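User: I am new to this structure and would like to know what the terms used for it rest on. Please go through them one at a time.

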Amino acid sequence: MPKVPAQDPQALPASYELALAELEQWVTQLESGQLPLDQLLSGYQRGAALLSFCQARLQAVEDQIKVLDDGALKPWPGSDT
């Protein structure tokens, strides 16, 4: 299993895609149960920071779409909603 590189929990990736990829790696490692306790805590903290970053980026995009659609989210073409 590839090891997630140790990073400063405050340093965030440059893009949503990079953050999501790193978050997926952390989740895999956390779920494996193979991390020592200190790495488990730092992995959880990093995952929480990445999740918050991803949620903020998604909210920013949603807000931009609302502006483009005159304040209302419209269903995506082809979606079931």
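User: What makes the meeting of helix 1 and helix 2 a contact, and which residues take part?

Analyst: The model is predicted. Contact requires heavy atoms within 4.5 Å. On the helix 1 side the residues are Tyr 16, Ala 19, Leu 20, Glu 22, Leu 23, Trp 26 and Leu 30. They meet residues of helix 2, including Gln 39, Leu 40, Gly 43, Tyr 44, Arg 46, Leu 50 and Phe 53. The residues of this contact divide into 13 nonpolar, three polar and three charged.

User: How is the packing of helix 1 and helix 2 described?

Analyst: Two packed helices are described by an angle and a distance between their axes. For helix 1 (residues 16-32) and helix 2 (residues 37-68) the angle is about 145° and the axes are 9 Å apart. The crossing of helix 1 past helix 2 is left-handed.

User: Why is the pairing of Arg 46 and Glu 22 called a salt bridge?

Analyst: The cut-off is a side-chain nitrogen of Lys or Arg within 4 Å of a carboxyl oxygen of Asp or Glu. The side chains of Arg 46 and Glu 22 meet at 2.7 Å, N to O, so the pair qualifies as a salt bridge. The structure holds one salt bridge. Arg 46 lies in helix 2 and Glu 22 in helix 1, so the pair ties together parts 24 residues apart in sequence.

User: Are Arg 46 and Glu 22 buried or exposed?

Analyst: Both Arg 46 and Glu 22 are buried, which means under 20% relative accessible area.

User: Which residues form the largest nonpolar core?

Analyst: The core has seven residues: Ala 19, Leu 23, Trp 26, Leu 35, Leu 50, Phe 53 and Cys 54. Helix 1 and helix 2 are the elements that give two or more residues to this core.

Methods. Residues are numbered from 1 along each chain as its sequence is written. This is a predicted model: local features need pLDDT of at least 70, side-chain atom pairs count only at pLDDT 80 or more; totals for chains, interfaces and linings use all residues. Side-chain values use heavy atoms; hydrogens and water are left out. Axes are lines fitted to C-alpha atoms, for helices over the stretch in contact, and angles run from 0 to 180 degrees between N-to-C directions. Helices (H or I, at least four residues) and strands (E, at least two) are DSSP runs, numbered from the N terminus. A crossing is left-handed if the near helix is turned anticlockwise from the far one by less than a right angle, and right-handed if clockwise. Ala, Val, Leu, Ile, Met, Phe, Trp, Tyr, Cys and Pro count as nonpolar, Asp, Glu, Lys and Arg as charged, and the others, Gly among them, as polar. Buried means under 20% relative accessible area, exposed over 50%, partly exposed in between (1.4 Å probe, protein chains only). A nonpolar core is a set of buried Ala, Val, Leu, Ile, Met, Phe, Trp, Tyr and Cys residues joined through side-chain atoms within 4.5 Å.
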